[in-house]
Amino acid sequence: MYKRQTVIDSVLEVIGNVLTSEDDPEVYTSGATNILKYPELSDKEKMVDLLSTFEEKQRLEAWVNDEATDPEEHGIQVYIGEESPVASMRDCSVVTATYQIKEGVYGKIGIVGPKRMDYEKVVGTLESCMQQLDDIFKSKT
């Protein structure tokens with residue numbers, strides 16, 4: 001069995017390698033079906049729309065590209081329900097972390113879950129990921 005930190009380190013290393021080697025922005029998603037575990041998110045029509053958002057990615061790309069030029073959207077952002085800029089995520093909460101890859105180039109990592117998620121834990125996890133990604137990108141330059 002893998003230790004949680006070892007798995008996170010491996011994932012972050014892969015993310016760092018992919019992001020520094022590609023010029024075009026790309027949205028990567030993982031674990032989308034985990035959202036099905038929450039009964040408050042069980043409406044079939046809404047769930048199909050949400051999973052389509054993760055699979056097709058155009059709405060996520062549009063959101064990330066819109067925020068990329070807004071300096072107030074850097075760091076940790078929390079969107080609860082109707083605050084979400086992506087309509088299919090308005091029954092969820094979205095917590096994102098924006099980090100600098102290099103001068104003028106940013107990346108974003110996020111967690112989507114139920115409105116009742118443990119925000120303190122999620123924010124702490126994303127802050128840790130931001131720091132680790134920062135360390136990875138600094139070592140690449």
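Me: What should I know before starting?

Reply: This is a predicted model, where local features need pLDDT of at least 70 and side-chain atom pairs count only at pLDDT 80 or more, while totals for chains, interfaces and linings use all residues. Residues are numbered from 1 along each chain as its sequence is written, and side-chain values use heavy atoms, leaving out hydrogens and water.

Me: Where in the protein is confidence lowest, and where is it highest?

Reply: The score to read is pLDDT, the predictor's confidence in each residue, from 0 to 100. The protein averages 79, and 75% of the residues score at least 70. Confidence is lowest in helix α1 (residues 4–21), with a mean of 58, and highest in β1, at 90. Helices (H or I, at least four residues) and strands (E, at least two) are DSSP runs numbered from the N terminus.

Me: How many residues does the largest nonpolar core have?

Reply: In soluble globular proteins, nonpolar side chains tend to be buried together. A nonpolar core is a set of buried Ala, Val, Leu, Ile, Met, Phe, Trp, Tyr and Cys residues joined through side-chain atoms within 4.5 Å. Buried means under 20% relative accessible area, exposed over 50%, and partly exposed in between (1.4 Å probe, protein chains only). Here the largest core has 13 residues, and Ile-35, Leu-50, Leu-60, Trp-63 and Met-89 have the most contacts inside it. Helix α2 (44–56) and helix α3 (58–67) each give two or more residues, with α2 giving the most, three. Another core, of twelve residues, lies apart from it and includes Val-122 and Phe-137.

Me: Which residues form an aromatic pair?

Reply: A pair of aromatic rings is described by the distance of the centres and the angle of the planes. Rings of Phe, Tyr and Trp (its six-membered ring) pair if their centres lie within 6.5 Å; planes under 30 degrees apart are stacked, over 60 edge-to-face, and the rest tilted. The count here is one. Trp-63 and Tyr-79 sit edge-to-face, 5.5 Å centre to centre with 80° between the planes. Both are buried.

Me: How many salt bridges are there?

Reply: A salt bridge is a side-chain nitrogen of Lys or Arg within 4 Å of a carboxyl oxygen of Asp or Glu. The count is three. One of them joins Arg-116 to Glu-40, with the closest N and O atoms 2.7 Å apart. Arg-116 lies in the loop between β3 (105–113) and α4 (119–140) and Glu-40 in the loop between α1 and α2, so the pair ties together parts 76 residues apart in sequence.
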